[in-house]
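Subject: Structure handover

Hello,

Here is the structure I said I would pass on. My notes on it follow below.

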Amino acid sequence: MAKKPAAGKKSKAPADLAPDTPLSGETPRKASPVPAHALIANSYVEAQGSGGETHQTAVEGAPVMTTQQGIPVADDQNSLKQGARGPTLVEDFHFREKLFHFDHERIPERVVHARGYGAHGYFELTDSLADITRADIFQRVGERTPAFVRFSTVAGSKGSFDLARDVRGFAVKLYTKEGNWDLVGNNIPVFFIQDAMKFPDLIHAAKPEPDRMFPQAQTAHDNFWDFISLTPESMHMVMWTMSDRAIPRSFRTMEGFGVHSFRFVTADGKSTFVKFHWKPKQALQSVVWNEAVKINGADPDFHRRDLWDAINGGDFPEWELGVQLFDEAFADSFEFDVLDATKFIPEELVPVRRVGRLVLDRVVDNFFAETEQVAFCTQNVPPGIDFTNDPLLQGRNFSYLDTQLKRLGGPNFTHIPINAPKCPFAHFQQDGHMAMTNPRGRVNYEPNSWGPTLGGPREDPERGFSSFAASEDGPKLRIRPESFADHYSQARQFYVSQLPIEQKHIADALVFELSKVERPDIRTRLVSHLLNIDKTMAGKVAEGLGLPELPAPAQAARPTNTDLAPSDALSIVKNGPPTFKGRKLGILMSDGADAALFNALLKAINNVGAFYEVIAPRIGGVTLSNGVKVAAKQKIDGGPSVLFDAVAVLVSEQGGPLLAADAAAQDFVRDAFGHCKYIGFTQEAKPIFVKGGIAENLDEACVALATAKDTTAFVEAIAALRFWPRELKVDMDAG
Ligand code: HDE
C-alpha cells in the first residue's frame, strides 16, 4: 500500500467566506435559530496531531452549523474514521445524514416545461368586472393580489438552454382571497392539437428521439415533423412557432395567453365567455435565429439572467391583463369553434379590454423551494371563473393534479409555502406524506354533531364554488366536432398579418428545421400543407429545401378561407417599443476611449431608462482619455454582441488596430451587423470594421459618434432595435 503523506495530519479546513456585503443580487442568508449553547466556540485538537494541529473555531456572528436534527456540528470537513487512515465508521451520523440527503436532492423534472424561471409580484385591478363575474379578484379597483409567475420552455430538459425555438410557458398563480387561481398559459394563443388524447404523442415526437436521446430542446428532427405533417390541425400553431414568437428576446417582451375559452360567472349564475391575455408593458421583441443559436452558447441562461437583472435593477417587468369577453351569440356566429384551442379570436373582432396589471418585483429566495416546487393546476379556479368544454382544457384538468403527485411525491404539495393559499382554508383532508397542516381537534369528518365551534368547517352554498349550470346532452362518442375541421384558414390569417421580413423569418425557420429532417418524404409532406396556407411561402420553402418539384397540396377537410382580415396585433415588429427603455447597450471599449463621449452616451442611456455593459479586452476595465478608470462587465470573448440590443464601439487610435486583430472583436461587429443591429462608433473603430468585413457596407443604422449630441440621436434611433432592410443584403436566403 502506498504510503500516504502527512498521515495523522489534519488538512486545513477552507477559510470561511464571510463577506460583509453580499455580492450583487445576493440575498443575505437568514440565520436559522440555534440554541445558545451551540454558539460556544467549537475547537478541538487532533487525536494524533504531532505539530501543525488545526484549531477550528466558530466564526463569530455566523450561525452554528447543525444536523437536520439540530445537533451542533464540530467538523464538516472530515468523516469519522478508526485512526487517521482507517475505515469510515457507520456511527458517523452527520456524514450519513449529509450523504443521504444529497442522494435525494433531485425530484423528477416536469415532463414538459422542465426548464423554467419564476418570480413574485402582484396583480392590481384597474377596471372592475363585478357585473360580469363574482370572482373576488375582479371586484375592487386598486386592490392587489399576490402572484407568482413561472416562465418556461416546453421541450428541453431542466438544464437545456434558454433560446431554443419553442413555445414559452407563462404560468401565473394568483393567491386570491377565495383561493388560488392558476392561469397556466403560453406565449402563443393557440395550440398544436385539439384533443388532450394527442398530447403524449405530440410531446414524445417533440422531445429527443428515444433511442439516441437527441436532439435536445429542438424540434428540428424527423419525429417532430413526421407527427406534425400527419396532424394538419397543428398548422396554425406551426406558423407561430416558426415565427420569431418562438425566440423571444426576453420573458419581459412576450405576450401571455390563457389559450382556451373560459367562463366568467356572476353570483346569479350568468355566464360570459372570456379569453385571457397578458400584454407586456415592455412591448414585443424577439431575436433572430442566427443570434439565438449564438446566445445559447454565450449565455445559456440568457432569459433567466435577464429577468433576475431586471427585477434586481428595479426595472420591474409588467403586463396588463386583457380580457376578450363574448357571449353565446358571438360564439355561434364566429367562423370557428370557440372550444377549439387551435383557433384564436382576432382582437379586431372582440377587443381586448385591459382590466389590471401584473408586476414582478421580487426574485425568489431559493430556486428549488419556489420555482421548482411550484405546482400549477389548471383546475385551480376560484368562484366566478369556470371551464368550458374545450377538450384540451378538460384533459389538462386531469393531467396537472396527477403530474404534481409524481413530481412532488405526495398529495400534500399544497402544504409547501409556494403552493399554499394565502387566504384562510379549512377542510378534512389529512395525513399522507409530509403532512404539515393537519386539521386540528377531534373531528375530521362531516356531517357531525359537534356544533359550529368544535365541528370544523362546513360548506357554504352561497360563497362556495358552483359550476355554471351548462346543460349537456348527446350520445357518447369518440369524435371531433365538424366545427373543428378547418385547419388552414387561421394559419393563413396569421401569415398574412406579418410584415414581409417576418414572413421571411417564418419561411427561413421552416427551411432550417426541415433541412435537419433526414427523410425527404417528411419534408415534402410538410410542404404539401404549406401550399394550403400560402403558395408563395410554400414555394420559398420548397426552393430552400431544394425540392425537385412542388408536391400536390395536402387534402384539406375544409378549403382555406383566404378572406380573413389581417390583424396588426399578430406582428411583433408592428408592436415594438417606443423607446430603448429596459434594453441593453453593449459598449466595446479600449484604453484611451474618449471620456466626454462615453459620459454623454451613459447619460443618454440613463435618460431613457436603459442599461449598458462595458466590454473590454481585460475584465479589469479601461482607462479613459481623462485618466479615469472604468470597470468592464465583460471580457471581450465573454461579451459577444448577441447579448445586447444595440452596440457602440468606443475606442482610441491605439485601441482600434489592437482590437481589430482580435477575432472576438471582429465577431462582435460582424454579428451586430449581420443581426441588423444599430451600431454606434467612433472613427477609430474603422480598423475593426475592416477586419470584420463590414466596412464597405455601413448603412444608416451604423451611426458615427463624435459629439454628445450624436449620442442622444443614437439612443433615440436604437429604439427601432433592428434595421431590417439590411437583412435582405446580408442573407443568402433573401430574395
Ligand atoms: Fe401543459 N402540462 N398540458 N399546456 N403546461 C404541464 O404540468 C398538459 C397545454 C403549460 O411552470 C404539466 O406541472 C396536457 C396548453 C405550462 O410549472 C402537465 C395538455 C398550455 C406548463 C401538462 C397540455 C399548457 C405546463 C407538466 C394537453 C397553454 C408549465 C408539469 C391537453 C395554455 C407550468 C406540470 C409550470 C405543464 C399537461 C397543454 C401550458 C404534464 C395534458 C394548451 C405553462 O401536467
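I begin with a loop residue and then work towards the ligand. V608 sits in the loop that runs between α15 (595–607) and β12 (611–616). Its relative accessibility is 26%, so V608 counts as partly exposed. K581 is 27 residues from V608 in sequence, and the C-alpha atoms of the two are 5.3 Å apart in space. Please keep in mind throughout that this is a predicted model.

The ligand

The ligand has 23 residues around it, and those that come nearest are R110, R150, R396, Y400 and Q404. By residue class, the shell is made up of 12 nonpolar, 8 polar and 3 charged residues.

Y400 belongs to helix α9.

Some polar side chains also reach the ligand. The side chain of R150 has an N or O atom 2.6 Å from an oxygen atom of the ligand. For Q404, a polar side-chain atom is 2.8 Å from a ligand oxygen. With H113 the ligand atom is a nitrogen, and the distance to an N or O atom of the side chain is 3.4 Å. As for where the shell comes from, β3 (168–176), β4 (179–186) and α9 (391–408) are the elements that give two or more residues to it. The element that gives the most is α9, with 6 residues.

Strand β3 also holds T176. T176 has a relative accessibility of 2%, so it counts as buried. Its side chain makes a contact at 3.0 Å with the backbone nitrogen of E178.

The nonpolar core

The largest nonpolar core has 52 residues. Those that touch the most other members are F192, W225, I228, M239, L510, M537 and V541. At least two residues of this core come from each of α2, α3, α4 (235–242), α11 (489–496), α12 (500–515), α13 (520–530) and α14 (535–545).

Backbone features

Two peptide bonds are worth a look in the viewer. P215 is in the loop that links α2 (199–206) and α3 (222–229). Another cis bond joins E446 to P447, with omega about 10°. P447 is placed in the loop between α9 and α10 (451–454).

The loop between α2 and α3 also contains A217. A217 is not a glycine, yet its phi is positive, at about 55°. Is A217 buried or exposed? Its relative accessibility is 6%, under the 20% limit, so A217 counts as buried.

L721 is another residue other than glycine with a positive phi, near 70°. Its place is the loop between α19 (708–717) and α20 (727–730). With a relative accessibility of 7%, L721 counts as buried.

Residue pairs

A720 is also found in the loop between α19 and α20. What does its relative accessibility of 45% make A720? A720 counts as partly exposed, because that class covers values between 20% and 50%. From A720 to M213 is 507 residues along the chain, and their C-alpha atoms are separated by 41 Å.

V443 lies in the loop between α9 and α10. Its relative accessible area is 5%, so V443 is buried. V443 and S152 are 291 residues apart in sequence, with 43 Å between their C-alpha atoms.

Regards

Conventions
Residues numbered from 1 in each chain as written. Predicted model: local features only at pLDDT ≥ 70, side-chain atom pairs only at ≥ 80, totals over all residues. Heavy atoms only, no water. Near = heavy atom within 4 Å. Polar contact = N/O pair within 3.5 Å; in protein donor to acceptor, adjacent residues only side chain to side chain. Helix = DSSP H or I, 4+ residues; strand = E, 2+ residues; numbered from the N terminus. Nonpolar A, V, L, I, M, F, W, Y, C, P; charged D, E, K, R; others polar. Buried < 20%, exposed > 50% of the residue type's maximum accessible area, 1.4 Å probe, protein only. Core = buried A, V, L, I, M, F, W, Y, C linked by side-chain atoms within 4.5 Å.
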